[in-house]
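This briefing walks through selected features of the structure shown below, grouped by topic.

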Amino acid sequence: MLLAWALIGATRRQTAHFRSLVSASSDLVVVFGPEGCRYASSSVSEMLGKPEAELLGAGFEQHVHPDDLATFRAASLNGEPRELRFRLTNRFGEERHIEAVVTDLRRDRHVRGIVLNTRDVTERIALEEELTRQAFHDSLTGLANRALFRDRLDHALARSVRTAESVSLLLADLDGFKAVNDSLGHGAGDELLRHVARRFIEAVRPTDTVARLGGDEFCVLMEGTDQDRAEIVARRLLDTLADPIRVADRELQIGASIGVVVHMGGAASSEDLLRHADVAMYAAKEGGRGRFEVFRYEMARELGQLLGLEHEMRQGLLQGEFSVHYQPEVDLGSGNVVGVEALLRWSSPTRGSVSPAEFIPVAESSGVIMQLGEFVLESACGQAAAWRRAALLPSPFRMWVNVSAKQLSMGGICQQVRRVLADTGLPAECLGLEVTETAIVTGGQPLERAQAELRDLHGDGVQIAIDDFGTGFTSLGQLRRFPVDVLKVDRSFVQGIEHDPKDAAITANLASLAHALGLKAVAEGIESKGQLASARKLGCDLAQGFLFARPAPAEEVVAYLRPGASSIPPDEHARDERAAATRP
């Protein structure tokens with residue numbers, strides 16, 4: 001009898017010992033029987049914020065998420081499945097993710113129930129979800145990234161094979177974004193991208209996917225949309241950018257070039273669709289930016305030709321295929337040469353003599369113009385310095401070099417010019433920079449920076465000319481902000497001054513404007529003695545054109561530069577070669 005009581009006492013002490021161990025454990029232990037919860041460890045009570053008494057019976061089940069209830073009941077009543085994941089809601093309404101190992105101990109006379117050894121994995125689940133989100137979403141804008149976009153596009157195309165539904169892509173590249181980064185910093189650029197992302201999201205359906213593929217490139221995936229609908233959305237994206245965006249306490253006007261491709265159902269490759277959208281987007285940029293183009297198969301051929309031309313230009317620079325020719329500028333009062341304009345020429349081994357009208361636009365859009373512009377500047381300054389050392393230059397004399405809008409907007413022209421002048425030994429007073437009128441009418445931060453850089457160079461002694469004047473929309477206010485010395489009247493007016501009263505009146509007014517501002521007026525494109533006489537009569541100070549000389553290599557032009565050469569003999573056989581004289 002005493003032995004039996006001793007065994008009962010020992011069993012009770014052992015049960016209490018194990019109960020204490022379970023209660024102190026951080027694992028969540030719950031035991032279920034036919035009547036519901038029989039036991040819940042203190043860690044379960046702490047997590048749910050309820051005492052054990054309120055969790056017994058049907059109390060625990062009330063905290064299980066409704067979507068997980070069926071699976072949970074199967075496990076707590078039948079012991080299957082052996083591993084279980086479900087969600088619990090605590091007294092504060094917080095959702096906790098639970099993993100459980102299910103052990104059927106109904107035949108164990110000490111337990112007689114189904115035991116759930118559970119663990120709160122909420123933090124781990126949240127971390128996994130965050131890592132997944134980071135893997136498939138752009139960290140800056142929160143949009144889908146390239147990997148997620150490609151996955152959704154692949155699935156959309158797979159559905160398109162089954163359903164024959166159309167799939168549309170809109171690829172948008174922001175116009176002028178690099179200038180924002182360069183002028184205001186990458187922080188401002190990031191802020192601008194976030195604004196654009198929000199506007200694009202608001203412009204499409206909730207079922208459409210908007211992604212940032214990288215840099216300033218966005219893409220929209222739409223299913224079940226025909227070309228008309230795709231074009232409507234493309235216009236809407238452009239319209240969302242019409243209102244200025246406030247960034248870094250500045251109102252910025254940003255545009256976009258959009259390529260549209262519509263797949264009308266059936267098998268297709270995601271790589272092909274993205275490539276076609278890229279081709280159409282490139283065509284939109286070539287067409288003037290701030291617009292969209294729908295992909296056509298002819299575009300691929302055209303783009304291939306442009307890319308081939310760009311590659312050949314880069315190779316041509318390395319292989320010495322480019323050269324600089326010079327066209328004299330004449331003082332209409334004395335007839336003396338007072339300067340020359342440096343003009344880029346390309347002699348390709350495969351294409352022959354390539355017109356600047358053909359390769360300069362491609363160089364502008366691709367960025368090759370930066371290398372070409374530097375080449376012309378270095379060549380022209382080096383040549384002028386060599387002529388000066390050989391005492392071949394008249395006095396006064398100025399070497400005129402064209403600066404593209406791209407060079408101005410990218411910045412750094414002041415530093416580049418100063419470096420080249422120092423390297424070649426050419427005085428700043430012997431150099432002039434020609435800037436097209438259209439390059440100075442585009443507003444914004446890049447224009448302000450260009451003004452500052454040109455003012456610094458002007459202070460050094462470099463003169464500034466506005467080229468092709470009269471073709472843009474320059475206001476007097478803009479002219480006053482730029483350190484201008486010379487206005488070059490566009491050849492389109494000069495060509496008609498001999499016979500067209502309107503062209504003569506425009507030329508006279510432009511010359512009068514130049515003189516009123518203390519500037520000199522140059523008549524471009526003089527090809528006949530009648531045009532020369534009219535330009536002189538209408539008040540132009542200087543002139544250049546085929547009547548005097550065509551652009552020629554340095555060794556041919558030098559004959560006109562020697563001190564004492566009174567004037568250039570007119571070329572009686574001058575003819576229209578405007579394409580050959582297109583500026584770089």
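This is a predicted model: local features need pLDDT of at least 70, side-chain atom pairs count only at pLDDT 80 or more; totals for chains, interfaces and linings use all residues.

At 42% relative accessibility, alanine 533 counts as partly exposed, because that class covers values between the cut-offs of 20% and 50%.

**Alanine 533**
- Alanine 533 belongs to helix H20, which spans residues 529–537.
- Leucine 332 is 201 residues apart from alanine 533 in sequence, while their C-alpha atoms are 9.4 Å apart in space.

**Helices H6 and H10**
- The axes of helix H6 (residues 146–163) and helix H10 (residues 270–286) come within 10 Å and cross at roughly 110°, which makes H6 roughly perpendicular to H10.
- The crossing of H6 past H10 is right-handed.
- On the H6 side the contact involves Phe149, Arg150, Leu153, Asp154 and Leu157, which meet Ser270, Glu271, Leu273 and Leu274 of H10; these contact residues divide into five nonpolar, one polar and three charged.

**The open sheet**
- Five strands, in the order E7-E8-E6-E11-E12, make up an open sheet with mixed pairing, and its edge strands, E7 (209–214) and E12 (292–294), each pair on one side only.
- Direction ignored, neighbouring strands of this sheet are turned by 20° against each other on average.
- Strand E11 (residues 255–263) and E12 run parallel and are joined by three bridges, and valine 260 stands opposite valine 294 in E12.

**Helices across the sheet**
- Helix H9 (residues 227–240) lies across E6 (167–175), E8 (217–223), E11 and E12, and runs at about 165° to E11.
- H10 likewise lies across E6, E8, E11 and E12, running at about 140° to E11.

Note on methods: Residues are numbered from 1 along each chain as its sequence is written. Side-chain values use heavy atoms; hydrogens and water are left out. Helices (H or I, at least four residues) and strands (E, at least two) are DSSP runs, numbered from the N terminus. Buried means under 20% relative accessible area, exposed over 50%, partly exposed in between (1.4 Å probe, protein chains only). Axes are lines fitted to C-alpha atoms, for helices over the stretch in contact, and angles run from 0 to 180 degrees between N-to-C directions. Angles under 35 degrees count as roughly parallel, over 145 as roughly antiparallel, 65 to 115 as roughly perpendicular and the rest as oblique. A crossing is left-handed if the near helix is turned anticlockwise from the far one by less than a right angle, and right-handed if clockwise. Contact means heavy atoms within 4.5 Å. Ala, Val, Leu, Ile, Met, Phe, Trp, Tyr, Cys and Pro count as nonpolar, Asp, Glu, Lys and Arg as charged, and the others, Gly among them, as polar. Two strands pair if DSSP finds at least two bridges between them.
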